[in-house]
Amino acid sequence: MKIYTKTGDKGTTLLYGGDRVSKNHMRIHTFGEVDELNSYIGLIRCYNNQKKIDNQLQIIQNSLFDIGAELATPENKMILTNGKPRLKSLISEKYITQLEKWIDTMDEQLPTLTQFILPTGNVPTSISHIARTICRRVERSIISLTKVEEIRPILQKYLNRLSDYLFVLARYLGNKAGIKETFWTPNQ
């Protein structure tokens with residue numbers, strides 16, 4: 001199979017299920033942002049040297065593929081004509097609970113946060129902060145998409161929790177590397 005199909009040369013693409021839409025359609029925009037987030041999480045993995053964190057990030061990357069597939073599937077195409085679900089894996093509460101456990105485990109090892117911190121430290125902490133901000137953008141895009149399309153609310157909830165995870169991960173990776181957090185100080 002060739003990587004190029006030439007079917008998108010005129011600015012359209014197929015959603016999962018066969019509907020052809022413009023490449024600037026809100027669904028395409030939103031799952032493109034999910035792909036961007038997934039790529040940054042892959043970049044965090046490149047700089048991370050902890051097996052436990054790498055395993056978590058790989059699970060998250062797979063979850064983001066599931067989210068992308070769901071966003072690429074219109075509501076009326078979620079069930080095949082034979083009555084079976086089109087997608088094999090959907091985000092559920094267990095994914096959110098898992099993120100919360102990981103957050104709590106990392107947070108227990110960190111000093112109490114009493115001030116706003118600047119998004120800096122070292123490469124993995126900075127990339128984690130970038131991923132967090134992209135995650136927040138994806139969350140905002142999903143909220144916008146829900147105004148015009150049927151999207152399961154749990155996707156927004158998962159992304160909200162994922163941004164919390166990425167914030168704590170940035171602090172955790174910096175802490176493990178011995179980097180002192182830089183706090184925001186208002187300009188005088």
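The dialogue below covers salt bridges and a surface patch in a predicted model.

Reader: What should I know about the model before reading the contacts?

Author: The model is predicted: local features need pLDDT of at least 70, side-chain atom pairs count only at pLDDT 80 or more, and totals for chains, interfaces and linings use all residues. Residues are numbered from 1 along each chain as its sequence is written, and side-chain values use heavy atoms, with hydrogens and water left out.

Reader: How many salt bridges does the structure hold?

Author: A salt bridge is a side-chain nitrogen of Lys or Arg within 4 Å of a carboxyl oxygen of Asp or Glu. The structure holds 11 of them.

Reader: Where does lysine 157 lie, and where glutamate 93?

Author: These two side chains form a salt bridge of 2.9 Å, N to O. The pair links distant parts of the chain, with lysine 157 in helix α5 (residues 153–176) and glutamate 93 in helix α3, 64 residues apart. Lysine 157 is partly exposed at 33%, and glutamate 93 is partly exposed at 39%.

Reader: Which helices hold aspartate 164 and arginine 136?

Author: In this salt bridge the closest N and O atoms are 3.5 Å apart. Aspartate 164 is in helix α5 and arginine 136 in helix α4 (residues 123–146), so parts 28 residues apart in sequence are tied together.

Reader: Which residues are linked in a network of salt bridges?

Author: Glu33, Glu36 and Arg137 are linked in this way.

Reader: Which residues form the nonpolar patch on the surface?

Author: Patches are made of residues with over 30% relative accessible area and no salt bridge; like charges are joined within 9 Å, nonpolar side chains (Val, Leu, Ile, Met, Phe, Trp, Tyr) within 5 Å. Accessible areas come from the Shrake-Rupley method with a 1.4 Å probe; for residues, only the protein chains shown count as cover. Leu43, Tyr47 and Val123 form the patch, with about 260 Å² of accessible area together. Tyrosine 47 lies in helix α1 (residues 26–47) and is partly exposed, at 46% relative accessible area.

Terms used
Helix = DSSP H or I, 4+ residues; strand = E, 2+ residues; numbered from the N terminus. Buried < 20%, exposed > 50% of the residue type's maximum accessible area, 1.4 Å probe, protein only.
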